[in-house]
Amino acid sequence: QVQLVESGGGLVQAGGSLRLSCEASGVTFSRLNMGWFRQAPGKERDFVASIRYDGDSTRYHSTVKGRFTISRDNVQNTMYLQMNSLKPEDTAVYYCAAGSTALVAGAYGSWGQGTQVTVSS
């Protein structure tokens, strides 16, 4: 059974940076497509970025493209989301998910517990 644990969230001023991590266990990580989603209060869980099992293909939502970078380390069983030029509208709980590179949350089979990112203006 896949277990996913996110870390790295926090409070940052607008224009700042954060790096989120998602460590996986209980699975052959190098064979697993992965993604990041986020959910703001009162809103649906939205796609942020995804990465293929080998790291050779990535996808981004248009609102984060050019500011966020998804990557992975298949030796460390960890996926990352480097977030630069953060904006207040990036404030949300960020979730990592396993099993797909799709843009819809329903395509993913496993989820982490989430990490809060708050961007102050």
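**View 1. The charged end of R45 sits over the ring of Y95.** In this predicted model, the charged end of R45 is 3.6 Å from the centre of the Y95 ring. R45 also lies over the face of W111, where the distance to the ring centre is 4.8 Å. Both Y95 and W111 belong to one aromatic cluster, which they form with F37, F47 and Y108.

**View 2. F37 pairs edge-to-face with F47 and with Y108.** A pair of aromatic rings is described by the distance of the centres and the angle of the planes. For F37 and F47 the centres are 5.7 Å apart, with 80° between the planes; F37 lies in strand β4 and F47 in strand β5, so this pair ties together parts that are ten residues apart in sequence.

**View 3. One disulfide, between C22 and C96, is found in the structure.** A disulfide is a covalent bond between the sulfur atoms of two cysteines. Here the sulfur atoms of C22 and C96 are 2.1 Å apart, and the torsion about their S-S bond is about 55°, so the disulfide is right-handed. The bond links distant parts of the chain, since C22 belongs to strand β3 and C96 to strand β9, 74 residues apart. Both C22 and C96 are buried.

**View 4. The largest pocket holds about 210 Å³ of space.** Its lining has 13 residues, and those closest to the centre are R38, A40, K43, D46 and E89. The lining divides into seven charged, four polar and two nonpolar residues.

Conventions: Residues are numbered from 1 along each chain as its sequence is written. This is a predicted model: local features need pLDDT of at least 70, side-chain atom pairs count only at pLDDT 80 or more; totals for chains, interfaces and linings use all residues. Side-chain values use heavy atoms; hydrogens and water are left out. On a 1 Å grid over the protein atoms alone, a cavity is a set of points where a 1.4 Å probe fits but cannot get out, and a pocket is an open set with protein on both sides within 12 Å along at least five of seven lines; lining residues have an atom within 4 Å of a point. Grid points are joined across faces, edges and corners, and a volume is the space filled by probe spheres set on the points. Ala, Val, Leu, Ile, Met, Phe, Trp, Tyr, Cys and Pro count as nonpolar, Asp, Glu, Lys and Arg as charged, and the others, Gly among them, as polar. A disulfide is a pair of cysteine sulfur atoms within 2.5 Å. Helices (H or I, at least four residues) and strands (E, at least two) are DSSP runs, numbered from the N terminus. Buried means under 20% relative accessible area, exposed over 50%, partly exposed in between (1.4 Å probe, protein chains only). Rings of Phe, Tyr and Trp (its six-membered ring) pair if their centres lie within 6.5 Å; planes under 30 degrees apart count as stacked, over 60 as edge-to-face and the rest as tilted. A charge sits over a ring if NZ of Lys or CZ of Arg is within 6 Å of the ring centre and within 35 degrees of the ring normal.
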